[in-house]
Amino acid sequence: MATFQRRLLHQTLRALSHENPLGLPRTGSIPRMQRGLPERRKIKNVAKVIAVSSAKGGVGKSTVAANLSLAFARMGYRSGILDTDIFGPSIPTLFDLSGEPRLSSNNQLLPLSNYGVKTMSMGYLVGEDAPVVWRGLMVMKALQQLLHEVDWGGLDILVLDLPPGTGDTQLSVTQQIVLDGSVIVTTPHTLAVKDAVKGINMFKKVDVPLLGLVQNMSLFNCPHCHHETAVFGSNERVQEICKEHSIDLLGDIPLHQNVGDDGQRGKPTVVSEPDSQRSQVFMDIAKRVGLKIGL
């Protein structure tokens, strides 16, 4: 019996000796580099960086991001937008741009510009109809190059158009660069709002300031009878979420055919209809965001 107990004790001690083979600290926080995480750093020659995100696809996030970057330019700031959606880039279409970017003298990508906004996207580097069939490591390498190997030439603000979800790309962005804040885009639809909460919690978890929430496609105003209809459901749920998480509702963008049509023809609302009520909503949101980040 004693022999069996000694053997059991020996096996237990041997197992315990391999619980921490790398010698990592057992208490306290582990430095970022020891955890395999890169140090957050600022994007060169860019003063402020904000992320526009949605955990749900199809809520108009890219349209909002594009119009915000254009609103900042209209306010007199040197504005840019970076499309971080490797698999489904939208910025080339929204800004009516195509062609492969040139390289600067120090071998960095030079942005393509339209409407006074500098842009960069994976869509410029692959064919319009070509799928990006890459595994995770390739995606992360491409993302790193888009974040740190673009010569922006000096910007007051850079808008990051994040892909939908809360996965690798979103985490890599928040771990690699210093973000001045994030904007969550949702519609009043129950499923979209539920996913928006996931986005809110993700940014809280990675310590990125939440600037507020934008409600897209909130109300439809009939052009004939001028009656307003909440096509995607009541706006009360979004207001409840803002109150629950102590974040601001930055603005309500109405559901209007022109907003989508403007984007499809490569001339977003802030440019194509600068005097419209819809354009003014984007301008107001940009002003609120600018105040929050000290722009």
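Val289 touches Ile50, Phe72, Val183, Leu211 and Leu250, leaving aside residues up to four places away in sequence. This is a predicted model. Val289 belongs to the largest nonpolar core, which has 74 residues.

**The nonpolar core**

- Phe95, Trp152, Leu158, Leu160 and Val289 touch the most other members of the largest core.
- Helix 2, residues 61–74, gives the most to this core, with eight residues.
- In soluble globular proteins, nonpolar side chains tend to be buried together.

**Helix 2**

- Helix 2 has 14 residues. From its first C-alpha to its last, helix 2 reaches 20 Å, close to the 20 Å expected at 1.5 Å a residue.
- Twelve of the 14 residues are buried, so helix 2 is largely enclosed by the rest of the structure.
- The buried residues of helix 2 include Val64, Leu68, Leu70 and Phe72.

**Strand 1 and its partners**

- Strand 1 covers residues 46–53 and is mostly covered, with six of its eight residues buried.
- Strand 5, residues 155–161, runs parallel to strand 1, and six bridges join the two.
- Val49 stands opposite Leu158 in strand 5. Leu158 is also one of the core residues that touch the most other members.
- Strand 6, residues 181–186, also pairs with strand 1 in the parallel sense, over four bridges.
- Val183 in strand 6 is the bridge partner of Val52.

**Ser53**

- Ser53 lies in strand 1.
- Is Ser53 buried or exposed? Ser53 counts as buried because its relative accessibility is 1%, and the cut-off for buried is under 20%.
- Leaving aside residues up to four places away in sequence, Ser53 touches Lys61, Leu162, Val183, Ile184, Val185 and Phe203.

**Salt bridges**

- How many salt bridges does a search of the whole structure find? The search finds seven.
- Side chains of opposite charge can pair when their charged atoms come close.
- Lys198 pairs with Asp195, with the closest N and O atoms 3.3 Å apart. The two are three residues apart in helix 6, so about one helical turn separates them. Asp195 is buried at 13% relative accessible area.
- Arg265 pairs with Asp262, again with the closest N and O atoms 3.3 Å apart. Asp262 counts as buried, at 3% relative accessibility.
- Arg278 and Glu273 meet through their side chains at 2.8 Å, N to O. Arg278 is buried, with a relative accessible area of 11%. Glu273 also counts as buried, at 18% relative accessibility.

**Positive phi in two loops**

- Asn107 is not a glycine, yet its phi is near 65°. Asn107 sits in the loop between helix 3 (91–94) and strand 3 (112–114). Asn107 counts as exposed, at 54% relative accessibility.
- Asp207 is not a glycine either, and has a positive phi of about 60°. Asp207 lies in the loop between helix 6 (190–205) and strand 7 (210–221). Asp207 is exposed, with a relative accessible area of 62%.

Notes. Residues are numbered from 1 along each chain as its sequence is written. This is a predicted model: local features need pLDDT of at least 70, side-chain atom pairs count only at pLDDT 80 or more; totals for chains, interfaces and linings use all residues. Side-chain values use heavy atoms; hydrogens and water are left out. A nonpolar core is a set of buried Ala, Val, Leu, Ile, Met, Phe, Trp, Tyr and Cys residues joined through side-chain atoms within 4.5 Å. Buried means under 20% relative accessible area, exposed over 50%, partly exposed in between (1.4 Å probe, protein chains only). Contact means heavy atoms within 4.5 Å. Two strands pair if DSSP finds at least two bridges between them. The expected span of a helix is 1.5 Å times one less than its number of residues. A salt bridge is a side-chain nitrogen of Lys or Arg within 4 Å of a carboxyl oxygen of Asp or Glu.
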